[in-house]
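Q: Hi! I'm new to this one, could you walk me through it?

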Amino acid sequence: DINNLDIHQNILEIIKQFQNKQDQKNINLNINLKNNFTIKANKYYFYIMFSNLYLNAIKYNKDWWEINIIIDKNYISISNTWDTILKENKDKIWDRFYKQDTSRNTEGFWIWLSLVKNICDLYNLNIKVKSENNFTTFEIKF
């Protein structure tokens, strides 16, 4: 089903579901609602797309640091403190099962980033990642 989705409201619902994961790491969440907007999309696909980015931001964040979400006119960005994604690996993060640091013994969320990218492609959304100085930002333009 395709519905008109209020971006801010849907993001708040997703955040609420994972509040305990955020609280376990004492992560501060900052939401900057510059301009809210609606999109025509499948609510379940939006849930998968944003929840995976949010869970990534929690999982790979440092304890006591922060996640920043910006909602403005036609884009959403989600940023967090994170080990910098190497420049040569930025395109690879969308590949299924890719893991930048193979020495880590952690569950990878990279498969979920592949799913996020597939949903963005399905809706012709532009998703970019910027990673520098131990800070990573995912931005989706609608």
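A: Happy to; we'll take the sheet, then the helices, then the aromatic rings. Keep in mind that this is a predicted model.

Q: Thanks! In what order do the strands of the open sheet come?

A: The order is E2-E4-E5-E7-E6, five strands with mixed pairing.

Q: And which strands stand at the edges?

A: Those are E2 (28–33) and E6 (126–132). Each has a single partner strand, so one side of each is left without a neighbour in the sheet. On average, neighbouring strands here are turned by 10° against each other, direction ignored.

Q: How many bridges join E4 to E5?

A: Six, between residues 66–72 of E4 and residues 75–81 of E5, and the two strands run antiparallel. Isoleucine 69, for instance, has isoleucine 78 in E5 as its bridge partner.

Q: Which strands does helix H3 touch?

A: H3 (residues 43–59) packs on the sheet and touches E2, E4, E5, E6 and E7 (135–141). Its direction makes about 20° with that of E5. Helix H1 (residues 7–17) lies across E2, E4 and E5, running at about 160° to E4.

Q: New topic: how many aromatic pairs are there?

A: The count comes to four. In one of them, the rings of phenylalanine 46 and phenylalanine 50 have centres 6.4 Å apart and planes at 5°, so the pair is stacked.

Q: Are those two phenylalanines buried or exposed?

A: Phenylalanine 46 and phenylalanine 50 are both buried. They are four residues apart in helix H3, which means about one helical turn separates them. Ring pairs also link Phe46, Phe50 and Tyr54 into a cluster.

Q: Where does the charged end of lysine 62 sit?

A: It sits over the ring of tryptophan 65, 5.3 Å from the ring's centre.

Conventions: Residues numbered from 1 in each chain as written. Predicted model: local features only at pLDDT ≥ 70, side-chain atom pairs only at ≥ 80, totals over all residues. Heavy atoms only, no water. Pairing = 2+ DSSP bridges. Axes fitted to C-alpha atoms, helices over the stretch in contact; angles between N-to-C directions. Contact = heavy atoms within 4.5 Å. Phe/Tyr/Trp six-rings, centres within 6.5 Å; stacked < 30°, edge-to-face > 60°. Buried < 20%, exposed > 50% of the residue type's maximum accessible area, 1.4 Å probe, protein only. Lys NZ or Arg CZ within 6 Å of the ring centre and 35° of its normal.
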